[in-house]
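Subject: A structure for you to look at

Hi,

Here is the structure I promised to pass on.

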Amino acid sequence: MSLPKVRLKWCKQTSDDCWQLDREQERHITKALRCYEGALLQGLLDDGKLLLRLGRDERGFFVREAGAIEPEPLMPDLTLLLGMLKHEQFDTVLRSSAELGVYELKIILCERSVPRISEEELPKKLGRWRRILDEGAKVAGFSRVTNLSAPTNFRDVKWEDMPQTRFVASISADAAPIFNTLRDITGSVAVAVGPEGDWTDDEMTALTRNSFHPVSLGPGILRASTAAIAACGILRMARSMK
């Protein structure tokens with residue numbers, strides 16, 4: 001049975017082995033999950049996990065270290081390049097990316113990307129997106145949270161910073177089925193998924209010129225959010241089985 005999880009960096013550390021719960025997590029643990037004094041919890045650190053026991057004093061609820069937890073297995077990094085999507089689809093990809101353990105999510109502003117975010121809106125948007133990623137990682141029990149940077153215009157993408165193994169989801173008839181490529185995957189991987197309406201011809205040309213190999217995700221045309229989740233899920237499962 002999975003233990004309730006607490007992100008310790010949001011708590012106030014009061015001693016080497018004790019943390020005072022912040023109000024939001026305290027409310028979730030005690031009200032929503034109905035945890036009681038003495039209950040065991042899982043504490044998520046940036047570099048690992050701890051077994052915790054819930055306690056209470058005059059200041060409120062706290063957690064104290066109660067043992068170690070087996071570290072999560074290290075997996076090769078998976079980078080998702082995603083053409084900016086509309087809000088509902090984008091939120092879905094954020095949550096799923098975190099739950100699938102995507103290492104880095106790069107948001108690309110493409111020619112066909114509909115949402116446009118002003119400089120004034122961006123800090124608030126980034127804060128919200130990172131909270132979604134943090135919650136998704138916590139649900140999955142990952143101590144590491146998906147890295148997210150500000151959206152980048154397609155023309156400004158730094159291709160040299162990408163993993164050497166690169167794929168782009170494509171509906172082209174000559175795209176290789178993604179399952180045919182899995183046996184050749186080693187190390188870190190990048191996968192690119194376009195916005196609603198897909199990449200333009202010029203964008204696809206730029207991707208292939210920068211060593212992104214077109215792959216098919218199966219018959220039928222998927223929504224952009226579905227394609228992103230499917231591609232990451234397939235690649236993550238393939239890497240975990242090696």
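Predicted model: local features only at pLDDT ≥ 70, side-chain atom pairs only at ≥ 80, totals over all residues.

Residues are numbered from 1 along each chain as its sequence is written, and side-chain values use heavy atoms, with hydrogens and water left out.

Helix α3 covers residues 122-140; helices here are DSSP runs of H or I with at least four residues, and strands are runs of E with at least two, numbered from the N terminus. Just after α3, glycine 141 has a positive phi of about 85°.

Among the buried residues of α3 are Trp129, Ile132 and Leu133 (buried is under 20% relative accessible area, exposed over 50%, partly exposed in between, with a 1.4 Å probe and protein chains only). The helix's buried residues pack against several elements, including β1, α1 and α2.

How do α2 and α3 pack? Their axes are 7 Å apart, at an angle of about 40°; axes are lines fitted to C-alpha atoms over the stretch in contact, and angles run from 0 to 180 degrees between N-to-C directions.

Glutamate 99 belongs to α2 and is partly exposed, at a relative accessible area of 40%. Glutamate 99 touches Gly136, Val139, Ala140 and Phe142, leaving aside residues up to four places away in sequence (contact means heavy atoms within 4.5 Å).

Enjoy exploring!

Conventions. Expected span 1.5 Å × (residues − 1).
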